[in-house]
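Thanks for coming, everyone. I'll walk you through one structure today. Let me put it on the screen.

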Amino acid sequence: MNITEKILAKAAGKKEVQPGEIIEVDIDLAMTHDGTSPPTIKTFKKIAEKTGQKRVWNPKKIVIVYDHNIPPNSIGAAEFQKVTREFAKEQGITNIFKHGEGICHQVLPEKGFIKPGNIIIGADSHTCTYGAFGAFATGMGATDMAMIFSTGKTWLRVPESMKIEVEGGFQEHVTAKDLILHIIGELGVEGATYKSVEFTGETIKRLEVPERMTICNMTVEMGAKNGIIEPNKATIEYLKERLPQEKFKIYTSDPDYDYHEEFYFNIDDLEPQIACPNSVDNVKDVRNVLGTHIDEAFIGSCTNGRFEDLRMAAEILKDEKIHDDVRMIIVPASSETYLKALKKGLIKVFIDAGAIVCNPGCGPCLGAHMGVLSSGEVCISTSNRNFQGRMGDPKSKVYLANPIIVAQSAIKGEISIPE
């Protein structure tokens, strides 16, 4: 079996599972946020009326994070958070982060909720981020999550497997974001639909935790059920720092496993990449769109809002000024990230350059809170989606790139690469 199948077999109480097989698994962790908690709660209460099961299966295994609209930016958002807060108190759910601690996909690993070999289901499509730690993690909707709240179980179809092997080294100004954009550009937004995507190869084995998170985060953008990477030494050290008393079982794929599909990438010659409007697989070398005017630059999100991303941006912005035509918005992915950036002087660099630094959260990414685009405006962003209307008006446009390219573009007022 491969790494994903071994984790699913364990959770289903079986010796082995096969692709296409329908299984029922025990859930190790369930996550909702301020946007998905209320519909989950509403459905949970309907289930409770029919079954008499009025308590969640295990309040210690549920985590709720306020991140999409924090602080609330509308009456509706405030009501959503109130409903969620009251439900958590009623059910004894104490793992609730409601004070701007950050984006769920950053907060959960930082707070020690993610463990290798676990089954993690989140009511958010980018839950696949946790595959960076050798866990099976995927997103589901409110109805499925309500059943998990009630029973602690869910059903899954064991996904077919896709192996992506990566070799080679990154050139200057090229990052893990460019790698995953390149892969999505090659395979397409439907290239891995309901497949388990396993990343391997010498390049992947060398990656640090933030880079692994960026790659797994965007596997859903090519339709994957989950993305997963076998933990390396850096990953295990990250986990031990947050869970010093825990012993982890690391699952690995059998060397003779026959994957459904295999792809090979060499990145020695990979240039900085950019996803152009209005699809994540509309990927080009940045040099092909140099000079495109921008109105907004956004650095943040669960894809590239980590300290390492902010540091890359700060190196470009130091002693520079953001172009008069551009508003630049920087949103640290978590309060831990924010404080580290503050301590290291990054926040001062951003403010001195003329950027707007906002509280941790999803920020402009989903077009609901801070930095909403008007008709005809163009944004270059480190986030993960550039669908029509994603960040505001349907007539606005979004380009996706790494933090270096976004920072340089903010200085120039147009899409640029550092000289």
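Buried means under 20% relative accessible area, exposed means over 50%, and partly exposed sits in between. One caution as well: this is a predicted model.

Start with Thr 4. Thr 4 sits in helix α1, residues 3-12. Is Thr 4 buried or exposed? Its relative accessibility is 2%, so Thr 4 counts as buried. Its side chain makes a polar contact with the side chain of Ser 196, at 2.8 Å. Beyond its neighbours within four places in sequence, Thr 4 is in contact with Phe 136, Pro 159, Ser 196, Asn 226 and Ile 228.

Helix α6, residues 176-187, holds Ile 184. The relative accessible area of Ile 184 is 0%, so Ile 184 is buried. Set aside residues up to four places away in sequence, and Ile 184 touches Met 218, Glu 221, Met 222, Val 280 and Asp 281. For scale, take Val 56: Ile 184 is 128 residues from Val 56 in sequence and 38 Å from Val 56 in space, C-alpha to C-alpha.

On to the sheets. Five strands form an open sheet, in the order β4-β3-β2-β5-β6, with parallel pairing. Which strands stand at the edges? They are β4 (96-97) and β6 (136-139). Each has a single partner strand, so one side of each is left without a neighbour in the sheet. Look at the β4 end. Strand β3, residues 62-65, runs parallel to β4 and is joined to β4 by two bridges. In that pair, Ile 64 stands opposite Ile 96 of β4.

Next, an antiparallel pair. Strand β1, residues 22-26, runs antiparallel to β7, with five bridges joining them. Ile 23 stands opposite Leu 156 in β7. In a regular strand, side chains alternate between the two faces of the sheet. Now read off β7, residues 153-157. Thr 154 and Leu 156 make up its covered face. Lys 153, Trp 155 and Arg 157 make up the uncovered one.

Then the largest pocket. About 430 Å³ of space lies in it. The lining has 17 residues, and Pro 210, Tyr 238, Arg 242, Glu 308 and Lys 340 lie nearest the centre. Which elements give two or more residues to this lining? They are α4 (104-110), α8 (209-217), α9 (233-242), α11 (307-317) and α12 (335-343). Helix α9 gives the most, with five residues.

Now helix α14, residues 403-412. How many of its ten residues are buried? Nine are, and the helix is mostly covered. Among the buried ones are Ile 404, Ile 405, Val 406 and Gln 408. What do the buried residues of α14 pack against? Their partners are β14 (296-299), α10 (301-304), α11, β15 (327-330) and β17 (378-381). At the start of α14, a side-chain oxygen of Asn 402 comes within 2.8 Å of the backbone nitrogen of Ile 404. Just after α14, Gly 413 has a positive phi of about 80°.

Gly 413 leads us to Thr 292. The loop between β13 (283-285) and β14 carries Thr 292. At 22% relative accessibility, Thr 292 counts as partly exposed. Leaving out neighbours within four places in sequence, Thr 292 is in contact with Tyr 399, Gly 413, Glu 414 and Ile 415. A polar atom of the Thr 292 side chain also lies 2.8 Å from the backbone oxygen of Val 289.

Last, some backbone geometry to check in your own viewer. A cis peptide bond joins Ile 70 and Pro 71, with omega about -5°. Pro 71 is in the loop between β3 and α3 (75-91). Another cis peptide bond joins Pro 277 and Asn 278, also with omega about -5°. Asn 278 is in the loop between β12 (273-275) and β13.

Two positive phi values, too. Tyr 194, a residue other than glycine, has a positive phi near 50°. Tyr 194 lies in the loop between α6 and β9 (195-200), and is partly exposed at 22%. Ser 301, also not a glycine, has phi near 85°. Ser 301 is found in helix α10, and is buried at 2%.

That's my tour. Over to you.

Notes: Residues are numbered from 1 along each chain as its sequence is written. This is a predicted model: local features need pLDDT of at least 70, side-chain atom pairs count only at pLDDT 80 or more; totals for chains, interfaces and linings use all residues. Side-chain values use heavy atoms; hydrogens and water are left out. On a 1 Å grid over the protein atoms alone, a cavity is a set of points where a 1.4 Å probe fits but cannot get out, and a pocket is an open set with protein on both sides within 12 Å along at least five of seven lines; lining residues have an atom within 4 Å of a point. Grid points are joined across faces, edges and corners, and a volume is the space filled by probe spheres set on the points. Helices (H or I, at least four residues) and strands (E, at least two) are DSSP runs, numbered from the N terminus. Buried means under 20% relative accessible area, exposed over 50%, partly exposed in between (1.4 Å probe, protein chains only). A polar contact is a pair of N or O atoms within 3.5 Å; within protein, one must be able to donate a hydrogen and the other to accept it, and residues adjacent in sequence count only if both atoms are side-chain atoms. Contact means heavy atoms within 4.5 Å. Two strands pair if DSSP finds at least two bridges between them.
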